[in-house]
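Reader: I am new to structures like this one. Can you walk me through how to read its features?

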Amino acid sequence: MSRLLVTGGAGFIGANFVHHWLRQHPSDRVVVLDALTYAGNPENLATLQGSASLRFVQGDIGDTPRIEALLREESIDTIVHFAAESHVDRSIHGPDAFIATNVVGTHGLLKAARQVWLQEGLAPAHRFHHVSTDEVYGSLGPDDPGFSEATQYQPNSPYSASKAASDHLVRAYHHTYGLAVTTSNCSNNYGPFHFPEKLIPLMIVNILHGRPLPVYGDGRNVRDWLHVSDHCRGIELVLGQGRPGEVYNIGGGAECENIALVKLLCRVADEAFAEDPQLRARYPQSPAAAGNAASLITHVKDRAGHDRRYAIDCGKIERELGYRAQVKLEAGIRDTFAWYVANPGWWQRVMDGSYRNWLATNYGR
Ligand SMILES: NC(=O)c1ccc[n+]([C@@H]2O[C@H](COP(=O)([O-])OP(=O)(O)OC[C@H]3O[C@@H](n4cnc5c(N)ncnc54)[C@H](O)[C@@H]3O)[C@@H](O)[C@H]2O)c1
């Protein structure tokens with residue numbers, strides 16, 4: 001039985017991971033530590049509320065004494081570190097929070113793990129797993145091979161630079177102090193509980209409301225889309241069989257230009273509206289009702305320093321740990337569209353801020 005501390009477990013990927021982990025390992029203990037920034041939403045864990053396996057703690061990864069106390073009190077042997085400021089656009093307008101959380105905060109967490117696990121010797125068999133991004137590797141040309149674990153770091157945004165710094169700190173705590181760390185660098189995730197400021201959920205919600213679909217520049221930027229369930233399976237493999245000190249790249253094998261992805265979403269929406277008359281009644285302002293969601297596509301000024309292409313070479317995790325991405329892009333997009341249509345309350349509360357009332361009722365915040 002493992003005892004996990006999952007940081008950022010109320011965010012998009014962290015929450016999906018907690019659901020995945022407790023489905024696969026129901027007798028494990030999972031303590032979620034999350035500061036509940038704008039991106040943190042404990043409603044993502046609501047269906048697990050009351051489970052004896054799960055404890056939610058509101059707190060900051062930079063609060064080293066608090067984390068040390070949690071590690072001791074809960075006899076934690078595994079940290080899975082998702083907590084971060086994660087939105088590139090926000091990092092362009094306000095980089096400070098990214099340095100505070102992604103760099104200084106990660107260091108606070110590492111210090112706590114070193115103190116309790118190594119200096120006090122409370123968890124001889126332990127693992128610190130750090131979740132990072134392919135954006136640390138910079139941008140690829142159209143014909144370049146995908147990023148491998150040996151690709152040189154060339155972060156281009158304050159977000160990716162802060163993640164790169166955190167990756168280096170994690171590595172250094174292994175080499176200097178012997179902390180048993182692993183790191184995974186993954187491509188763009190999508191799926192349930194994705195905060196509606198990110199590309200795919202933003203497009204879905206805008207299609208439903210008949211609002212413009214803003215596409216940066218010419219829309220030809222390429223991303224390698226990874227369904228969040230495949231990401232969770234990849235992390236599970238690294239936790240189970242990954243070698244301490246090693247880095248594993250996790251990708252979806254689904255490179256796609258942004259404009260092609262938005263057109264795919266429009267097609268999926270048109271088909272869903274054609275099949276379900278109730279959708280037309282619920283969202284009469286959507287041109288998907290007339291089979292024409294793509295009429296909403298609007299090109300807008302490109303993001304500053306916008307990386308052109310990311311692609312992941314996940315040969316190492318495939319060879320060494322038997323990882324295979326299971327969700328094909330079109331099927332994953334259909335499922336994701338269906339999830340947002342089935343859960344309007346979730347994204348409406350996130351978008352109008354009323355989930356803060358839900359927080360106050362359920363968490364006294
Ligand atoms: N979303 C992606 O496509 C993607 C791709 C590659 C890597 N990643 C990485 O995966 C991780 C999770 O990403 P996500 O998309 O779920 O992010 P998210 O923004 O949805 O969630 C981040 C969570 O961290 C919490 N948090 C922020 N600052 C904190 C702090 N100081 N202390 C404690 N909790 C704090 C937030 O409240 C939120 O719940 C991040 O480390 C991100 O860099 C994400």
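Author: We will take the sheet, a helix on the sheet, a helix pair and the ligand shell. Keep in mind that this is a predicted model.

Reader: In what order do the strands of the open sheet run?

Author: Read a sheet from strand to strand. Here seven strands follow the order β3-β2-β1-β4-β5-β6-β11, with parallel pairing. The edges are β3 (54-58) and β11 (247-250), and each of these pairs on one side only. From one strand to the next, the twist averages 20°.

Reader: How many bridges join β5 to β6?

Author: Six bridges link the two, and they run parallel. Look for Ser 132, which faces Asn 185 in β6.

Reader: Which strands does α4 lie across?

Author: Helix α4 lies across β1 (3-7), β4 (78-81) and β5. Its direction is at about 175° to β4.

Reader: At what angle do the axes of α6 and α11 cross?

Author: For a helix pair, take the axes, then the angle. The axes of α6 (residues 199-209) and α11 (residues 329-342) come within 10 Å and cross at roughly 55°. Therefore α6 is oblique to α11. The crossing is right-handed. In α6, Ile 200, Pro 201, Ile 204 and Val 205 meet Thr 336, Phe 337 and Tyr 340 of α11. By class, that contact has six nonpolar, one polar and no charged residues.

Reader: Which residues come nearest to the ligand?

Author: Of the 29 residues around the ligand, Gly 8, Gly 11, Ala 39, Gly 40 and Ala 84 come nearest. Helix α1 gives the most to the shell, with three residues. The shell's classes are 13 nonpolar, 13 polar and three charged residues.

Terms used. Residues are numbered from 1 along each chain as its sequence is written. This is a predicted model: local features need pLDDT of at least 70, side-chain atom pairs count only at pLDDT 80 or more; totals for chains, interfaces and linings use all residues. A residue is near a molecule or strand if its C-beta atom, placed from the backbone, lies within 6 Å of it. Helices (H or I, at least four residues) and strands (E, at least two) are DSSP runs, numbered from the N terminus. Ala, Val, Leu, Ile, Met, Phe, Trp, Tyr, Cys and Pro count as nonpolar, Asp, Glu, Lys and Arg as charged, and the others, Gly among them, as polar. Axes are lines fitted to C-alpha atoms, for helices over the stretch in contact, and angles run from 0 to 180 degrees between N-to-C directions. Angles under 35 degrees count as roughly parallel, over 145 as roughly antiparallel, 65 to 115 as roughly perpendicular and the rest as oblique. A crossing is left-handed if the near helix is turned anticlockwise from the far one by less than a right angle, and right-handed if clockwise. Two residues are in contact if their C-beta atoms, placed from the backbone, lie within 7 Å. Two strands pair if DSSP finds at least two bridges between them.
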